[in-house]
Each structure stands twice: as C-alpha cells, then as structure tokens.
Amino acid sequence: MITLAENENNIKNEAEEELKTGIQEETENGGDETLNDKDTDAYEDKEAPDDKKLAKEDKKEKKKKEKSDKKQDALKEKIDELEDRVKRQMAEFENFRKRTDKEKTAMFETGAKSVIEKILPVVDNFERGLATVPDNEKGGAFAQGMEMIYKQLLTELDNLDVKPIAAVGEEFNPEFHNAVMQVQSEEYESGIIAQELQKGYTYRDTVVRHSMVAVTE
C-alpha cells in the first residue's frame, strides 16, 4: 500500500521530469531556430554575389548592344553615302552620254552637210548636161546611161533625206529662197517665183542650199 509520502514523492518526481523534458525541448527548438537563422543568412550571403554577377552581365550586355547599335548606324551612314555617290556618278555618266551623242550627231550632221554641198554641183552639172542633149539623141545609149546615173544619184540623195526645194509658182520665202532678180510676168502675181536659176535643197528639214530664184515684181 502506497503511503501519502510516497505519493507526494512520485508526483514531485513526475513534475521534475516534465520540467526537464520541457526545458530540453525548448533548448532543442531554440537550437533549430538558431540553425535556421544561420542557414538563412548563409543563403542570403550566397545569393548576393549571384545578383551582382547578373547585374554586371546585364550592364555588359547593354554596353555591347549600344556598341553594336553605333556600329550599325555608322555602317548605314556609310552605305547611304556610297549609294548617293553612285547615283551622282550614274547621273553624271548619263549626262555625259547624252552630251556625247548630241555632239556625235552634230558632227555627223556637219559632215553630211559638207559632203552634200560638194555633191550638189555634180547634180547641177548632170542637169545642165542633160538639158543640152538634142531631142534626136535623147534615145541614144549614151544619153540614156547619163539619165540613169542622174536618177540614181537623186534616189540616193532622197534616201539621205536630201529634198529639192519647191520654187517656181511658190510664194517667195526668204527661209528657202534667195531672190537675185525681179521679173515681169503675166502668169504669176507679184511676190511669186517665176524662174528658178539654181535648185535649192534641204537636209532633214535644214536648208543646205537656198534656191536661187527670180521673183515677179
């Protein structure tokens, strides 16, 4: 049978045990909390260098991008400058080509006119020679040969755009005619060309030789 004293002693022992257990648990919990705090600090210390590294890398990438943009801008400016230079050179070459073509055409026209001016007296001599052939000899071989050469010469001149200027019966025009005398005529009115003394010609609408004419008074 348990006495009152033993019962009290047992209660006291149990209380002491519970107290010890509580203290031990608090100590263990406190130790865990301290450990957790240290682990957190260590994690934070570990994370800090990574953030700095990322920030440094971002700054480096930004500078790299800015450098690349500047390089692209400089390259674009250089390309624009070269394109403008090429366009200017092409325009200058086109102007040079047109000017050269114009000069060549002018030189050709001048040369052609010079040759035509030398040929026209030959045509005049053909016409004078054929006009003196007697009627009874016009059917002869020689006269017909001369006539054929004369017609061939006129055909080639016509192919070169060399055209005779209309004179007799036309109104006098100082741009095409050169009046060397005045005559009286019952056939034509005053100011009308009554006689052609020398035939005139144009080359591509430009007068090579004016017609020498006599105009009615």
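**View A. Arg85 and Glu81, four residues apart in helix H1 (residues 4–131), are separated by about one helical turn.** Their side chains meet in a salt bridge (3.4 Å, N to O); a salt bridge is a side-chain nitrogen of Lys or Arg within 4 Å of a carboxyl oxygen of Asp or Glu. Helices (H or I, at least four residues) and strands (E, at least two) are DSSP runs, numbered from the N terminus. Arg85 is partly exposed at 41% relative accessible area, and Glu81 is partly exposed at 39%. Buried means under 20% relative accessible area, exposed over 50%, and partly exposed in between (1.4 Å probe, protein chains only). The model is predicted: local features need pLDDT of at least 70, side-chain atom pairs count only at pLDDT 80 or more, and totals for chains, interfaces and linings use all residues. Residues are numbered from 1 along each chain as its sequence is written, and side-chain values use heavy atoms, with hydrogens and water left out.

**View B. Salt bridge between Arg88 and Asp84 (2.9 Å, N to O).** This pair too lies in helix H1, four residues and about one helical turn apart. Arg88 is exposed, with 54% relative accessibility, whereas Asp84 is partly exposed at 37%.

**View C. Salt bridge between Lys199 and Glu127, with the closest N and O atoms 3.3 Å apart.** The pair links distant parts of the chain, 72 residues apart: Lys199 is in the loop between strand E3 (193–198) and strand E4 (201–203), and Glu127 is in helix H1. Lys199 is partly exposed at 23% relative accessible area; Glu127 is partly exposed at 22%.

**View D. Network of salt bridges linking Glu94, Arg97 and Asp101.** The count of salt bridges comes to ten.
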